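Colleague: Could you walk me through how to read this one? I'd like the general idea each time, then the case at hand.

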Amino acid sequence: MNRRELITGFALASAEAGAQSQTNSPPVGESLYIPKPQLVDDRRFLHDFMDEFAFVDLVTVTPSLRITHIPVWLDRTAGPYGTIHGHISRQNLQNSTFNGKETGVIVFHGPNGYISPTWYAATGNVVPTWNFAVVHASGKLRPVEGKKELNDLLAKLIAKFERYEGTSYDFTISP
């Protein structure tokens, strides 16, 4: 999915949202207020967004509020909503939240921009706004156990972004 298709998709999703019902939607987390007309619950569309904008903010609150910016990859087939994989340094204090009990929020940021009231067809009592595309994903944070599992995770994460760059670098053949 390219960014132009994504922006167009959000515009269409927003325009069609009036016909959506939240009754068939997965539970919406409390980390983000979403007005009903802007709610997008098409899982494939959301997963495409997560793949496209995979440099994220990892937010935790234990032992205090912490935010780490990391690249991630999404395994769409793991779990009912997919599973997000990423890596932080062992020295990062946020590492202590990876115990299977603490909840984290991952914020995927897409395009955004200021919208002037002068752009509206309607006149009169109009105000500026900010249009943006984000996806928040929340769940229990779990560590990767074992050297092989960590190497496999890093290999998949690196391969995803090396494909974007079109390079021949292969982490799996590194010593």
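**Reading the model**

Colleague: Let's start with Asp 48: does it count as buried or exposed?

Modeller: Asp 48 counts as buried, because its relative accessibility is 18%. The cut-offs are under 20% relative accessible area for buried, over 50% for exposed and partly exposed in between, with a 1.4 Å probe and protein chains only. Keep in mind that this is a predicted model, where local features need pLDDT of at least 70 and side-chain atom pairs count only at pLDDT 80 or more, while totals for chains, interfaces and linings use all residues. Residues are numbered from 1 along each chain as its sequence is written, and side-chain values use heavy atoms, with hydrogens and water left out.

Colleague: What does the overall layout look like, and how much of the protein is buried?

Modeller: Helices (H or I, at least four residues) and strands (E, at least two) are DSSP runs, numbered from the N terminus. Here you get three helices and five strands, in the order α-α-β-β-β-β-β-α. Of the 175 residues, 27% are buried. The protein exposes about 11,800 Å², with 56% of that supplied by carbon and sulfur atoms; the areas are Shrake-Rupley values with a 1.4 Å probe, and for residues only the protein chains shown count as cover.

Colleague: What does Asp 48 pair with?

Modeller: Side chains of opposite charge can pair when their charged atoms come close. The test for a salt bridge is a side-chain nitrogen of Lys or Arg within 4 Å of a carboxyl oxygen of Asp or Glu. Asp 48 meets Arg 76 that way, at 2.7 Å from N to O. Since Arg 76 lies in the loop between S2 and strand S3 (83-86) and Asp 48 in helix H2, the pair ties together parts 28 residues apart in sequence. Arg 76 also bridges to Asp 51, with the closest N and O atoms 2.6 Å apart. That one joins the loop between S2 and S3 to helix H2 too, so it ties parts 25 residues apart. Arg 76 itself is partly exposed at 31%, and Asp 51 is partly exposed at 21%.

Colleague: How many salt bridges does the structure hold?

Modeller: Four. One of them is Lys 148 with Asp 152, at 2.8 Å between the closest N and O atoms. Lys 148 is exposed at 57%. Both residues lie in helix H3 (residues 147-165), four residues apart, about one turn. Elsewhere, bridges with shared partners join Asp 48, Asp 51, Arg 76 and Lys 160 into one network.

Colleague: Now rings: how many aromatic pairs does a search of the whole structure find?

Modeller: Rings of Phe, Tyr and Trp (its six-membered ring) pair if their centres lie within 6.5 Å; planes under 30 degrees apart are stacked, over 60 edge-to-face, and the rest tilted. The search finds two pairs. Phe 49 and Phe 53 are tilted, 4.9 Å centre to centre with 45° between the planes. Tyr 114 and Trp 130 have centres 6.1 Å apart and planes at 65°, so they are edge-to-face. This second pair links distant parts of the chain, 16 residues apart: Tyr 114 in strand S4 and Trp 130 in strand S5 (residues 129-140). As for cover, Phe 49 is buried at 0% and Phe 53 is buried at 6%, whereas Tyr 114 is partly exposed at 44%.

Colleague: And which residues is Gly 104 in contact with?

Modeller: Contact means heavy atoms within 4.5 Å. Leaving aside neighbours within four places in sequence, Gly 104 touches Val 59, Thr 60, Ala 137, Ser 138, Gly 139 and Leu 141. Gly 104 is in strand S4 (residues 103-115) and is buried at 3%.

Colleague: Last one: which peptide bond is cis?

Modeller: Most peptide bonds are trans. The bond joining Thr 62 and Pro 63 is cis, with omega about 0°, and Pro 63 sits in the loop between strand S1 (55-60) and S2.
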